[in-house]
Amino acid sequence: MSVRELVVLGTASQVPTRHRNHNGYLLRWDGEGILFDPGEGTQRQMLRAGVAAHDLNRICVTHFHGDHSLGLAGVIQRINLDKVPHEITAHYPRSGQRFFDRLRYATAYRETVGITEAPVAADGSLARADSYTLEARKLSHPVESYGYRIVEPDGRRMLPERLAAHGIKGPDVGRIQREGELGGVSLADVSETRRGQRFAFVMDTRLCDGVHALAEGCDLLVIESTFLDEDEELAVEHGHLTASQAARVARDAGVRHLVLTHFSQRYTDPDEFERQARAAGYDGELTVAHDLLRVPVPKRR
């Protein structure tokens, strides 16, 4: 049985707190695991969440600020210690190659696993797997930063009443799905488009075109909301979003489930992020993330 869920490993921004680890997010997508922004302490959070190095297939780093990347050293060494048998691909801004190299070889260890490096230099498609395409869009932050988007290909949903009307049943249902036509009846005559699921991961950024492109039509959007409305000037200055800005992006993009995260340590009441997001007009499913939370990707409509 396929599983599609987000495992939240850490939700703090620049400074961790007693209750929030630095960033870290694992997306389970069918049989693959995609680790986003492993900040300091990610290896320990993986242990607490029941996530093994063998669960990882890709690592996606948005940018090379420490709270989003210092955990790379430990995670990569754990991948090698555990001798993960399958390929793991790392995506990160090409402009930060020197930082990735330093983190990959931060200390001496026995390298037993070859990690494929696939740096990002422009908007567009990065990789295609059986059940998704991985895309990237440039964001607006003091250092080069990219957000990531998972898009499942559209499929077909069979319509029982139309199948029955054309007398198609049993093994013939599979045949028309495979071949696209049966006895003069086309697949389009007995089915409709089943829209593929969409997931986006948006970290440190001001509002920009990339944010909106990543969020468009998402079933699950994970997005930073470092600041509350009263500190919007700080958000713009430092290249971040407020809870209200993130919520308006989700509202306008038709996001089904919004996950707010990456909170400044200056705030002590997480409920205020939800209050401000609701006041901004987002009425979909909303989660203010906390460490070790699991969020399922919404079921298809």
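Thr42 touches Leu9, Asn21, Asn23, Gly24, Leu35 and Val75, leaving aside residues up to four places away in sequence. Contact here means heavy atoms within 4.5 Å. The model is predicted: local features need pLDDT of at least 70, side-chain atom pairs count only at pLDDT 80 or more, and totals for chains, interfaces and linings use all residues. Residues are numbered from 1 along each chain as its sequence is written, and side-chain values use heavy atoms, with hydrogens and water left out.

Thr42 lies in helix H1, residues 42-49. Helices are DSSP runs of H or I with at least four residues, strands are runs of E with at least two, and both are numbered from the N terminus. Thr42 counts as buried because its relative accessibility is 2%. The cut-offs are under 20% relative accessible area for buried and over 50% for exposed, with partly exposed in between (1.4 Å probe, protein chains only). What lies 2.6 Å from a polar atom of the Thr42 side chain? The backbone oxygen of Gly39 does.

Now turn to Ser191. Ser191 lies in strand S13, residues 191-194. With a relative accessible area of 3%, Ser191 is buried. Its side chain makes a polar contact with the side chain of Arg156, at 3.0 Å. A polar contact is a pair of N or O atoms within 3.5 Å; within protein, one must be able to donate a hydrogen and the other to accept it, and residues adjacent in sequence count only if both atoms are side-chain atoms. The backbone oxygen of Leu187 lies 2.6 Å from a polar atom of the Ser191 side chain. Beyond four places in sequence, Ser191 touches Arg156, Arg157, Met158, Leu159 and Arg162.

Step back to the whole chain. The protein chain has 10 helices and 18 strands. Of its 301 residues, 54% count as buried. Among contacts with a separation of 6 or more, 66% join residues 24 or more positions apart.

The C-alpha trace spans about 65 × 50 × 35 Å along its principal axes.

The protein chain exposes about 13,700 Å², and carbon and sulfur atoms supply 47% of it. Accessible areas come from the Shrake-Rupley method with a 1.4 Å probe; for residues, only the protein chains shown count as cover.
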